[in-house]
Amino acid sequence: MKHLLLTALLAFATIATQAQITFEWGKATWNIENGRVYENIEEFDANPVTLTYDNPAGYTLTMFNIVAVDYDIYIDGATEALHEVATKQQGTDVTLTYDFLEGHDYRIVVNGALLAKINIATYTTDTLTRNSDQYSISFRINGPEIVNTYKYEATMSLDIVDQNTDLTYSEVDVKSICADLGISDITEAKFIGLNPNGSYNKAFTAPEYGYDFWDGWRDADGSYTNWWGSDGAQYRNLLGHQPYPPVYCIKFNETCDSIFYFYYESQWQEYNPDDPGTVPIVGGEVKGNGPRRAPDTHYNSIVWDWTNEDGTITQYVRHYRVDPGCDYGASFIFKTSEKAVVVNATMHFEGDEPDNISTLNESPTNKNIAIYDISGVRKQSLVKGINIIVEPNGTKHKMLVK
């Protein structure tokens with residue numbers, strides 16, 4: 001009993017002592033020598049650049065503590081920097097999490113750091129202390145020589161109602177790619193999907209995740225995401241951010257001789273014109289909602305006439321996220337230890353061109369009309385561009401305001 005009481009008293013004394021300790025910023029050190037040359041991205045990933053701050057006061061960092069490092073990246077001697085922030089939870093060894101590319105020189109300049117505490121009551125972080133010491137490091141990541149770049153493109157539209165049946169694809173010149181790389185079969189090359197900045201997506205390179213994990217789906221900014229929109233630490237670790245809504249898909253097949261294109265479309269819903277949440281729109285027009293989450297994602301809807309087998313027509317509302325008239329891209333790389341080939345694919349998404357448009361330079365005189373913009377949002381008056389005019393008798397027509 002006395003032993004248990006003594007142990008408890010010692011534990012309380014330790015906690016009380018820790019509560020009186022203030023975190024002190026010691027000197028920070030890099031884990032690599034200045035000017036280090038990595039032979040490839042695999043070597044870099046095995047030993048990424050990390051800055052570790054000393055903790056001379058012995059302050060205990062808990063899971064609620066985060067050290068954030070503010071730094072700039074200068075690539076290939078550039079005078080303009082990319083600004084980034086790296087964090088470490090429950091520790092002072094902060095690894096730079098930027099998606100570095102092969103074949104480039106890097107100079108890192110740390111501008112400062114801060115220690116924060118997660119406030120679970122307010123779901124925010126409170127800054128405990130800041131540090132303004134600057135540190136810098138330079139290194140290079142070697143990589144294979146890019147010997148050729150191939151470009152492929154295809155066109156998609158809402159006229160394609162079953163994307164899995166009416167496949168849109170490009171045939172890839174695998175023979176030429178193999179010749180460029182000096183290999184006899186495409187399986188001898190490493191196939192990797194690229195992020196928008198040209199870096200390798202971890203779903204293709206991390207051993208615990210396979211190529212089919214993302215299956216080619218990308219968000220509005222062209223970054224990889226998942227089709228089902230689930231969030232979680234495992235997804236954020238691969239993406240560097242939470243999975244944003246999927247907008248389109250561009251992917252290779254398993255034999256790498258074809259590229260397939262898809263646009264995101266949710267389940268069709270039967271159109272109900274009496275639904276108070278439905279905005280009157282002209283058949284074939286696009287109705288857009290405002291963005292919900294970053295990146296700027298458009299949530300479009302369209303009233304679609306479907307002809308049934310008996311000749312009757314059922315109207316459905318189709319929901320999708322691509323914008324008519326816009327292009328969506330994806331890039332991939334095939335590489336060996338010495339050479340690489342980049343493949344760029346572009347999906348053009350076509351929409352119906354406005355028809356029967358009249359030109360108007362002043363507001364209509366009928367005060368009982370309803371005015372909507374091209375996205376289906378009601379307006380008090382005409383806006384520049386295409387307007388949808390709904391007359392009191394329900395007649396709809398378009399007007400163009402220059």
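Two strands pair if DSSP finds at least two bridges between them, and I write this down before anything else in my notebook. The model I am reading is a predicted one.

Entry one, the pairing of S10. I looked up how S10 and strand S21, which covers residues 339–350, run beside each other, and found that they pair in the parallel sense over twelve bridges.

I then followed the strands across and found an open sheet of four strands, with mixed pairing and the order S10-S21-S20-S12. The edge strands are S10 (145–157) and S12 (190–193), each of which pairs on one side only. From one strand to the next, the twist averages 20°. As a reminder to myself, strands of a sheet pair through backbone hydrogen bonds, and they do so either parallel or antiparallel.

Turning to another strand, I located Asn-131 in strand S8, which covers residues 124–131. Is Asn-131 buried or exposed? I count Asn-131 as buried because its relative accessible area is 10%, and the cut-off for buried is under 20%. The side chain of Asn-131 reaches the backbone nitrogen of Asp-133 at 3.0 Å. Leaving aside its neighbours within four places in sequence, I found Asn-131 in contact with Trp-25, Tyr-53, Gly-112 and Ala-113.

Methods
Residues are numbered from 1 along each chain as its sequence is written. This is a predicted model: local features need pLDDT of at least 70, side-chain atom pairs count only at pLDDT 80 or more; totals for chains, interfaces and linings use all residues. Side-chain values use heavy atoms; hydrogens and water are left out. Helices (H or I, at least four residues) and strands (E, at least two) are DSSP runs, numbered from the N terminus. Buried means under 20% relative accessible area, exposed over 50%, partly exposed in between (1.4 Å probe, protein chains only). A polar contact is a pair of N or O atoms within 3.5 Å; within protein, one must be able to donate a hydrogen and the other to accept it, and residues adjacent in sequence count only if both atoms are side-chain atoms. Contact means heavy atoms within 4.5 Å. Axes are lines fitted to C-alpha atoms, for helices over the stretch in contact, and angles run from 0 to 180 degrees between N-to-C directions.
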